[in-house]
Amino acid sequence: MNTRKYRNPVGVSKYTGLALISPFIIGAVLFIVYPFICSFIVGLTDSSCFVGFENFREMFSSKDFGQAAGVTLKYALILVPLKLIVSLLVALLLNMELKHIGIFRTAFYIPSILGANLAVIIMWQYLFTADGLVNQLLEAVGLSPVSWYGEPNAAIFIIVLLRLWEFGSTMVIFLAALRDIPRELYDAAKVDGCGGVRAFFAVTLPQIKNVIFVNLILQTIAAMQEFNAPYMLTGGGPLGKTRTIGMLIYEEMFTYGSEGMANAVSWVLFVIIAAVVALMYKLTGKARRDA
């Protein structure tokens, strides 16, 4: 019996696979591994002098870092669940077979394309100023105006609302998952007497639970790294109540010129994100395996 041999343009060798992925390996070493190592080494220095873990000890005893970590976690805990819920609800609406539905899908995705650019930030700042449109609407319905930039909770709300407005990428992932659910499952649920709400919990959620987890991880990582929105909207105010760890890293590096401290804070942020993601994997392990 003749055995057919696989042939390819680069030849047959035990090193063929390694040669094919060598560009990725080289790129990963140069642009991921090497910067990671350099960042950690710089985090052990102060003005080019080796100080060991002194930057880390100073950071953990600093009130600024504790406050920034608390703001970051609070921001993520508020934003991520809201963004997942809103994205899923909009995806459910856009999954309907309606005339010209493609136009609506495009319209809902536009905010994510715009992002937190300068024009959007200027618009957002005007909306929430003392005499801005939001306060004018509140006064029109008999409510007192809010000092959006003077109250910590109100300032956090502005930032969360801006990022919540940019739900397009999460929505698209949910929409793709919803369209992959076999129609036969809904038909069977309807035969069993399931209404729309019951079918959502009995069919839709179990079918997309892994996609929900993926979006949860992606949005949590993005929220923990937040910098642009609070930096441009509130500047970390009032009194640092909206200053995230990302802003703290920026200030240490470019305001105070402390490269060592900035890299030390970056590494702690990396560890915090890794720990949060690992905890999510642990807590959702059984649910994901049953999918």
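**Exercise 1.** Which helix gives the most to the lining of the second largest pocket?

*Solution.* The model is predicted: local features need pLDDT of at least 70, side-chain atom pairs count only at pLDDT 80 or more, and totals for chains, interfaces and linings use all residues. Residues are numbered from 1 along each chain as its sequence is written, and side-chain values use heavy atoms, without hydrogens and water.

Step 1. A pocket is an open set of points on a 1 Å grid over the protein atoms alone where a 1.4 Å probe fits, with protein on both sides within 12 Å along at least five of seven lines; lining residues have an atom within 4 Å of a point. Gln225, Gly246, Ile249, Ser266, Leu269, Phe270 and Ile273 form this lining.

Step 2. Helices are DSSP runs (H or I, at least four residues) numbered from the N terminus. Both α12 (245-255) and α13 (259-283) supply at least two lining residues; α13 gives the most, with 4 residues.

**Exercise 2.** Describe the lining of the largest pocket.

*Solution.* Step 1. Of its 16 lining residues, Leu92, Asn95, Arg183, Tyr186 and Thr204 lie nearest the centre.

Step 2. At least two lining residues come from each of α8 (168-179), α9 (183-191) and α10 (196-224).

**Exercise 3.** Identify the residues through which α4 meets α8.

*Solution.* Step 1. In α4 (residues 101-114), the contact (heavy atoms within 4.5 Å) involves Arg105, Phe108, Tyr109 and Ser112.

Step 2. Their partners in α8 are Gly168, Ser169, Met171, Val172, Leu175 and Arg179.

Technical notes. Axes are lines fitted to C-alpha atoms, for helices over the stretch in contact, and angles run from 0 to 180 degrees between N-to-C directions.
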